[in-house]
Structure formats: structure tokens, C-alpha cells
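Subject: Handover of a structure and notes on its contents

Dear colleague,

Please find below the structure that I am handing over to you. My notes on it follow.

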Amino acid sequence: MATLKVSDSVPAPSEDAEQLRTAFEGWGTNEDLIISILAHRSAEQRKVIRQAYHETYGEDLLKTLDKELSNDFERAILLWTLEPGERDALLANEATKRWTSSNQVLMEVACTRTSTQLLHARQAYHARYKKSLEEDVAHHTTGDFRKLLVSLVTSYRYEGDEVNMTLAKQEAKLVHEKIKDKQYNDEDVIRILSTRSKAQINATFNRYQDDHGEEILKSLEEGDDDDKFLALLRSTIQCLTRPELYFVDVLRSAINKTGTDEGALTRIVTTRAEIDLKVIGEEYQRRNSIPLEKAITKDTRGDYEKMLVALLGEDDA
């Protein structure tokens, strides 16, 4: 469930473009006006506003925003204003450039988007960077990380609800054997995670729990805590089966650590506000005994805070 609030009656894209132009003129930028428009428009509406702005003023709205704004607020506005596929392409490209073995953004993009959304991200990546996402991921990773991540970003899963229970039983047994032998990088394990539908994967891991008496994530917790690949594998399974729990963990880490991780906070809010941020927020409150909005307002300030609160659907608009 989305948190984004869009009025039943919004101005024409040309009117929004004109208002945004007004926000950029004068002695100072009118950040409140920018938030009141962009934070309350759907992805399709933001797309046509960008088109209208370019047609009217001959400028790219994103470049104007980049010039007029700064810091975390700028980042939030720019990520939000991008089309979802463009945004995912940007996030993925940034992840490859600053790659560390614990970086999980590529996995997050690959596993929490639908097959069509991931395809759009790959197409946007190709158009923007003149090479494929798969090429960059393969170039910037090695070993087990490369095997898993290339398989995930190239995936095109069946999105339906149909499952094969016989297959689920077989693959639950196979995965259990590999985990028991600590063969976390086994090709069959990676094949299952990167090719099976999410419904099929859930059926397999439900069968795993029924047959072996514990959740698969619990089984994987018995591995080496310093094993970065194992950590990535656990996050992959969580993203494929209970993504809201993964996002709660990321948010809790981003907000509760010494010094807010604004990058992670901005990424989660801007990518999930139109999808399931309400569910994520409810789970966050259940697990942390504080509403997500309050946790965010305790750790953020100014226009950046206002933008995040608006995307959470908690402003007065």
C-alpha cells in the first residue's frame, strides 16, 4: 500500500510546470511550493510535468532542480522526480561505482521490483550509460558475488501465483542439503533464487520450514557472521519473501545508527512511497514501538524532513 497522497483533482501539467518555474525565480527558491507539487504527483504525472516544463522553457526540469537545490533535499527531490526505471538505473550505477562486498543496493533493486520494473531499469541503464547493467555488475564484482548478482539483475520471473508443490518439496530438500554442507554459493541455490517466481520461492521455503523445523533464514544465521556473501544471501531471501522486513531493517539501521544514513533513508522512501511504504511503516512501528514518521522527524531537519514527511503522506496537503 502506497503512502503517496495525490488529489483527485490536480492542475494541468502546464500549470504545475509554470508554478515550478515561479518557485525558481526571485531572490530565493520556494522549496515549499516545489514540495507541494512534486510530492503529491504520481510517477506518470511527474513524467508529463517534466515534458511540459521542457516544452515551455526549453530546459530539463531535473537540471534546474539540481541547480536550485542542495544537499539531502536535492537528492530526495531528484530521485523522486526521475521515472522509476531511470531512478533504479541511477541507484544501480552508483552501487557499481562504490562497490563493497556488503553493498546490497543491486540485490535490493533486482529482488524487490517486478520483472517488468526490472526490465525497465535495465532498459533505462542501457539508454543512460550506453552499456548494460549486467556488464557493469559483472565488471565490478568477483567470485560468488558476481555469480549471484549477475543472475539476479538478469532475471525475468513469472509473476503469477501458480506453484508446483512437488518442485517445492524437491528444492527445499536440495537447499537444506547445501546449507547443511555450508555450500551457500552452490549453483543450484543461486539458480532457484534467480529464476523461480516469488510465489514458488515462498512455497519452497515454507516446505523447508515444515520439513526441517526452522525457517531458512534461521538456518543461515548459523553461518559465519563475518561472511559478507552469506549476509547478501540472507538479504536476497528476505527481499524475495518478505521485502517489508528487509526495508524495516534498512530503515532501522539508517535512522538508529550514530549519524543518520540519509542515502539509505532517501532511497527507501522515494522508491517505496508509491508501492508499499504504508506496509513498511506499519511493520516498522510494530517492531520499534515508534511510528516511522516520528523516527524520521527526530533525525532529519528542514526541507529534507518536509519532503520525506510528505511522501509518507503525513503532511497537511
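Which residues does D88 touch, not counting residues up to four places away in sequence? The model is a predicted one, and in it D88 touches V109, R113, A121 and T271. The place of D88 is in helix α6, which covers residues 84-97. With a relative accessibility of 5%, D88 counts as buried, because the limit for that class is under 20%.

**Annotated positions**

I turn next to the positions that carry a record. An unreviewed UniProt entry places the feature "binding site" at I255 and K257. Of these, I255 lies in helix α16, residues 243-256. The relative accessible area of I255 is 5%, so this residue is buried. When its neighbours within four places in sequence are left aside, I255 is in contact with L265, Y284, L292, A295, I296 and D299.

The feature "binding site" is also placed by UniProt, in an unreviewed entry, at F24, G26, G28, E68, G259, D299, T300 and E305. These positions are spread over 282 residues of sequence, and they are spread in space as well, with up to 34.5 Å between C-alpha atoms.

G26 is found in the loop between α1 (13-24) and α2 (31-38). Its relative accessible area is 69%, and G26 is therefore exposed, the limit for that class being over 50%. D299, in turn, is found in helix α19, residues 292-299. At 28% relative accessibility, D299 counts as partly exposed. Apart from neighbours within four places in sequence, the contacts of D299 are with I255 and T260. The side chains of D299 and T260 are joined by a polar contact of 2.9 Å.

**I190**

I190 is a further buried residue, with a relative accessibility of 5%. Its place is in helix α12, residues 187-195. Residues up to four places away in sequence not being counted, I190 touches K147, L148, S151 and N185. I190 and D66 are 124 residues apart along the chain, and a distance of 40 Å separates their C-alpha atoms.

**Aromatic rings**

How many aromatic pairs does a search of the whole structure find? The search finds five. One of them is formed by Y53 and Y57, with 5.0 Å from centre to centre and 50 degrees between the planes, and this pair is tilted. Y53 and Y57 both lie in helix α3 (residues 43-57), where they are four residues apart, about one turn of the helix. Y53 counts as buried at 0% relative accessibility, whereas Y57 is partly exposed, with a relative accessible area of 25%.

A further pair is that of Y125 and Y129, whose ring centres are 4.7 Å apart and whose planes stand at 50 degrees, so the pair is tilted. Y125 and Y129 are separated by about one helical turn, because they are four residues apart in helix α8 (residues 115-129). Y125 is buried at 0% relative accessibility, and Y129 is buried with a relative accessible area of 18%.

Ring pairs also link F24, Y53 and Y57 into a cluster. F24 is among the positions that UniProt annotates as "binding site". Elsewhere, R46 lies over the face of W80, at 3.7 Å from the ring centre.

**Cysteines**

A disulfide is a covalent bond between the sulfur atoms of two cysteines. The structure holds zero disulfides. C111 counts as buried at 0% relative accessibility, and C239 is buried with a relative accessible area of 1%.

With kind regards

Key:
Residues numbered from 1 in each chain as written. Predicted model: local features only at pLDDT ≥ 70, side-chain atom pairs only at ≥ 80, totals over all residues. Heavy atoms only, no water. UniProt positions renumbered as here; feature names shortened; annotations may be inferred. Helix = DSSP H or I, 4+ residues; strand = E, 2+ residues; numbered from the N terminus. Buried < 20%, exposed > 50% of the residue type's maximum accessible area, 1.4 Å probe, protein only. Contact = heavy atoms within 4.5 Å. Polar contact = N/O pair within 3.5 Å; in protein donor to acceptor, adjacent residues only side chain to side chain. Phe/Tyr/Trp six-rings, centres within 6.5 Å; stacked < 30°, edge-to-face > 60°. Lys NZ or Arg CZ within 6 Å of the ring centre and 35° of its normal. Disulfide = S-S within 2.5 Å.
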